[in-house]
Amino acid sequence: MKSNYQKRMQEQENGQVQDGQGEQEGRADSTATYSYQIGADPFVASFTCTLPNDTELTEKHRFGKQPQTCQICGSSGDFETYNVLEMFMGTKEPFRYFACPVCECLQIETIPDNLGDYYASSYYSYALPDVSPPSPDVLPIEESVLDVGCGSGAFLCELAQQGYKHLFGCDPFIEKDLHYPNGVTIYKRSTHEMEGQYDRIYLNDSFEHVTDPLPTLQKVRDLLRPGGLCIIKAPLFPNHVFKAYESFWYEIDAPRHLYIPSQKSIAYLASQCGMVVASCVQVGNALAYPVSRMYQMGVPYFIDRANSATGLFTPQQLQDMATLNIISLMTNNAEHATFTLCHGPGPRIDSADTLQRILDLNGTMDMALEHLVGAAEGGTLQQNAYLLEDLLLANAGIRMALSGEGAPDMAQDPDPSQA
């Protein structure tokens, strides 16, 4: 028997899907203005951009603060909750998501029992990859790689062309095991069913799909060789695109994206399984603002987005969206990131109180980094020395909080901006 989702997918293919009952599409003539500052006094750059945005419709998709329990850090309380529509295929089924104010993970309230039904064969990660072998002059690379949630293995096949010889993937939603002539092997398995050890483990836009983030990361740690690296590429929350479009932010991708991580939630999860975050690099996406606005207007993802964007938006609107994308990157508010994790002896963050102390210290680091942006534009060597000291103090404070030793005095004297 077909699920409701599968029936609606069939109706869509037959051109029978109508707008959801009571759903209102975003007004085409509505706009909102956003102003941002980069840097700190006296080195501040200001930007003002106008986005097409129906803020009244966005407000209608807020449920306000509802009783919730975070499945990442365990915090409970009244958390901001949102009504998010399935828009990748445009079925417009509603799902409830909420944002934990402690670890800042955006997560689905209830995981659908029929989650597998939402991964139709047309889902983008299942397209057949290029399985051609590397050219004869490419030197072999002996590192072993596991790609978790790899779909049909496009990324692994790219690595094969670069000379990697030991390439494996796993994805529970593919139809069967895949064995390509270029040596790539993909198993129809979950992470927990995998064995062996690997030099690199990738989760390329798959970590947000897993139903059990902590057990998954614990298994990844067991599969990772000492000295190996785990690379997680995922949507990042919070960010400027969500600030503008909230539940219409296209990277929520209801209901497939279950837990959309923040820098804080990734650090928290890593600490729980004996890993550390070696780096976090934010990246932007030129489609983030246009597609989110298209979702607000009732236009699904599964279309020719480039042509639709040029038809729906004026050149100035597209320019403003591109500017906001750059500002998001410059202010560390981008909507995607690459995390690199490795084995580490760091102690676990075992309480909400410890986590909150670390978040407070992170706030100090954020302020110091803002000063650093300003100093880079015209600051003196002395200013940069003070700023470096601020960052080292904040980093030391985080380490002390993790070890239970308390936090150092974070008073800043003198003020770097006044140096």
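Val-281 has Thr-338 of strand 15 as its bridge partner. The model is predicted. Strand 14 (residues 275-283) runs antiparallel to strand 15, and eight bridges join the two. Strand 15 also pairs with strand 12 (residues 224-235), again in the antiparallel sense, over six bridges.

| Strand paired with strand 15 | Bridges | Sense |
|---|---|---|
| Strand 12 (residues 224-235) | six bridges | antiparallel |
| Strand 14 (residues 275-283) | eight bridges | antiparallel |

How many residues of strand 15 (residues 336-343) are buried? Seven of the eight are, so the rest of the structure largely encloses this strand.

Helix 7 (residues 288-296) is mostly covered too: nine of its nine residues are buried. Among them are Ala-288, Pro-290, Ser-292, Arg-293 and Gln-296. Just after this helix comes Gly-298, with a positive phi of about 85 degrees.

Now the interior. In soluble globular proteins, nonpolar side chains tend to be buried together. The largest nonpolar core here has 81 residues. Leu-106, Ile-201, Leu-217, Ile-232, Trp-249 and Leu-341 touch the most other members. Helix 7 supplies the largest share of this core, five residues. Another core lies apart from it, with 15 residues, including Cys-150, Cys-157, Ala-160 and Ile-186.

What does Trp-249 contact, leaving aside its neighbours within four places in sequence? Its partners include Leu-106, Pro-235, Phe-237, Phe-242 and Ile-260. Asn-239, Ser-292 and Glu-335 are also among its contacts. Ser-292 is one of the buried residues of helix 7.

Methods: Residues numbered from 1 in each chain as written. Predicted model: local features only at pLDDT ≥ 70, side-chain atom pairs only at ≥ 80, totals over all residues. Heavy atoms only, no water. Buried < 20%, exposed > 50% of the residue type's maximum accessible area, 1.4 Å probe, protein only. Helix = DSSP H or I, 4+ residues; strand = E, 2+ residues; numbered from the N terminus. Pairing = 2+ DSSP bridges. Core = buried A, V, L, I, M, F, W, Y, C linked by side-chain atoms within 4.5 Å. Contact = heavy atoms within 4.5 Å.
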